[in-house]
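This report describes the strand arrangement, the packing and selected backbone features of a single model. The sequence and the structure are shown first.

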Amino acid sequence: MYLHLGQDTVVRTDQVVGIFDLENTSISKITKEFLAKSERAGRVVNVTSDLPKSFVICTDGGRVRVYITQISSATLRKRAGFIEGIANV
């Protein structure tokens with residue numbers, strides 16, 4: 001299954017490590033450092049021209065990518081089917 005992140009960018013849901021709200025998580029010093037290091041390492045893919053709302057961390061064969069998107073984390077979670085999967089546990 002695939003997850004649409006915006007602007008013609010899709011990722012496989014089995015590669016998604018986490019979906020995070022940018023406003024709430026960027027308060028943390030650790031998250032700020034992670035995002036800054038990822039940016040410097042060239043692992044950040046910006047898929048928005050508007051105000052970013054969330055970021056998605058994905059892995060593919062050990063490579064980490066961070067996607068910055070304008071789509072809310074709640075919408076992305078619903079699209080990925082994570083909420084339905086959790087409800088069935």
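How many aromatic pairs does the structure hold? The model is a predicted one, and it holds 1 aromatic pair.

## The aromatic pair

The rings belong to Phe-20 and Phe-55; their centres lie 5.1 Å apart and their planes meet at 20°. Planes under 30 degrees apart count as stacked, so this pair is stacked. In general, a pair of aromatic rings is described by the distance of the centres and the angle of the planes.

The pair links distant parts of the chain, with Phe-20 in strand 3 and Phe-55 in strand 5, 35 residues apart. The two partners can also be described by accessibility. Phe-20 is partly exposed, because its relative accessibility is 29%. Phe-55 has a relative accessible area of 3% and is therefore buried.

Four strands form an open sheet in the order 3-5-6-4, and their pairing is mixed. Strand 3 (16-21) and strand 4 (44-46) are the edge strands, each of which pairs on one side only. From one strand to the next, the twist averages 20°.

Strand 4 pairs with strand 6 (residues 63-69) in the parallel sense, over 3 bridges. Within strand 6, Tyr-67 is the bridge partner of Val-45. Helix 3 (residues 73-80) lies across strand 3, strand 5 (54-60) and strand 6, and runs at about 150° to strand 3.

## Nonpolar cores

The largest nonpolar core has 12 residues, among them Val-16, Ile-19, Val-56, Cys-58 and Ala-80. Strand 1, strand 3, strand 5 and helix 3 are the elements that give two or more residues to this core. Tyr-67, the bridge partner of Val-45, is also one of the core residues. A second, separate core has 6 residues, including Leu-22, Leu-35, Ile-57 and Ile-68.

Leu-76 is another member of the largest core. When residues up to four places away in sequence are not counted, Leu-76 touches Leu-3, His-4, Leu-5, Ile-19, Ser-54, Val-56, Thr-69 and Ile-71. Of these contacts, Leu-3, Leu-5, Ile-19, Val-56 and Ile-71 are listed in the largest core as well.

## The hairpin of strands 1 and 2

Strand 1 and strand 2 run antiparallel and are joined by 4 bridges. Gly-6 stands opposite Thr-9 in strand 2. The hairpin has 2 residues between its strands. Gln-7 lies in the loop between strand 1 (2-6) and strand 2 (9-12), and Asp-8 is placed in the loop between strand 1 and strand 2 too.

Most residues other than glycine have a negative phi.

Is Asp-8 buried or exposed? Asp-8 is exposed, because its relative accessible area is 80% and the exposed class begins over 50%. Gln-7 has a relative accessibility of 48% and therefore counts as partly exposed.

How values were computed. Residues numbered from 1 in each chain as written. Predicted model: local features only at pLDDT ≥ 70, side-chain atom pairs only at ≥ 80, totals over all residues. Heavy atoms only, no water. Buried < 20%, exposed > 50% of the residue type's maximum accessible area, 1.4 Å probe, protein only. Pairing = 2+ DSSP bridges. Axes fitted to C-alpha atoms, helices over the stretch in contact; angles between N-to-C directions. Contact = heavy atoms within 4.5 Å. Core = buried A, V, L, I, M, F, W, Y, C linked by side-chain atoms within 4.5 Å. Phe/Tyr/Trp six-rings, centres within 6.5 Å; stacked < 30°, edge-to-face > 60°.
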